[in-house]
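Subject: Structure handover and findings

Hello,

Here is the structure for your set. My notes on it follow below.

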Amino acid sequence: QVQLVESGGGLVQAGGSLRLSCAASGNIFNINAMAWYRQAPGKQRDLVAAITSGGSTNYGDSVKGRFTISRDNAKNTVYLQMNSLKFEDTAVYYCNAVKIYTDYTRDNYWGQGTQVTVSS
């Protein structure tokens, strides 16, 4: 099992910045990628940003150029730097870790979520 604990959410004014952290513990070996997702009330959970074990990154279209995902392997922590925040970025942000096995099955792990609220 992998445990993920998010932190760093809060209330910020539009145009401001926040940095989210996700600390992984437990059986963290062979995690292939980690990511941030978000879910606003009444909407589906969407990918915000992802980073592979090799360092490749991928971003949702709505956050490109504003958000940056990074990882500190020594601390088993992934970060999401969010700049130029908009009201529509308001959501619960979830950390995700995925393991992909040789038979292409996968295990997904989720954190408990952290609320980000952007006031307009």
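Strand β8 (77-82) is largely enclosed by the rest of the structure, because 5 of its 6 residues are buried. Buried means under 20% relative accessible area, exposed means over 50%, and partly exposed lies in between (1.4 Å probe, protein chains only). Strands are DSSP runs of E with at least two residues, helices are runs of H or I with at least four, and both are numbered from the N terminus.

Before the rest, the ground rules. This is a predicted model, in which local features need pLDDT of at least 70, side-chain atom pairs count only at pLDDT 80 or more, and totals for chains, interfaces and linings use all residues. Residues are numbered from 1 along each chain as its sequence is written, and side-chain values use heavy atoms, with hydrogens and water left out.

**Pairing around β8**

Strand β7 (residues 67-72) pairs with β8 in the antiparallel sense, over 6 bridges. Two strands count as paired if DSSP finds at least two bridges between them. Isoleucine 69 has leucine 80 in β8 as its bridge partner. The two strands, β7 and β8, form a hairpin with 4 residues between them. Asparagine 76 sits in that turn and has a positive phi of about 50°.

β8 also pairs with β3. Again the strands run antiparallel, joined by 6 bridges. Alanine 23 has threonine 77 in β8 as its bridge partner.

**β3 and β1**

β3 (residues 18-26) pairs with β1 too, antiparallel and over 6 bridges. Leucine 4 stands opposite alanine 24 in β3. Glutamate 6 stands opposite cysteine 22 in β3.

β1 covers residues 2-7, and its side chains alternate. Val2, Leu4 and Glu6 point to one face and are buried.

**Whole chain**

The chain has 0 helices and 11 strands. Its radius of gyration is 14 Å, close to the 14 Å that the globule rule gives for 120 residues, so the chain is as compact as a globular protein of that length. That radius is taken over C-alpha atoms, and the rule is 2.2 Å times the number of residues to the power 0.38. The C-alpha trace spans about 45 × 30 × 25 Å along its principal axes.

Of the 120 residues, 40% count as buried. The accessible surface comes to about 6,600 Å², and 48% of it belongs to carbon and sulfur atoms. Areas come from the Shrake-Rupley method with a 1.4 Å probe; for residues, only the protein chains shown count as cover.

Contact means heavy atoms within 4.5 Å. Among contacts between residues at least 6 apart in sequence, 52% join residues at least 24 apart.

**Backbone angles to check by eye**

Most residues other than glycine have a negative phi, and most peptide bonds are trans. Asparagine 30 has a positive phi of about 65° although it is not a glycine. Asparagine 30 lies in the loop between β3 and β4 (33-39). It is exposed, with a relative accessible area of 65%.

Serine 84 also has a positive phi, near 50°. Its place is the loop between β8 and β9 (91-100). Serine 84 counts as partly exposed, at 42% relative accessibility.

Proline 41 is in the loop between β4 and β5 (46-52). At 77% relative accessibility, proline 41 counts as exposed.

Glutamine 112 lies in the loop between β10 (106-110) and β11 (114-119). It is partly exposed, at 49% relative accessible area. Not counting residues up to four places away in sequence, glutamine 112 touches Leu4, Val5, Glu6 and Tyr94.

Tyrosine 59 is in strand β6 (residues 57-59). Leaving aside neighbours within four places in sequence, tyrosine 59 is in contact with Val48, Ala49, Lys64, Phe67, Thr68 and Ile69. Tyrosine 59 and asparagine 27 are 26 Å apart in space, C-alpha to C-alpha, and 32 residues apart in sequence.

Best wishes
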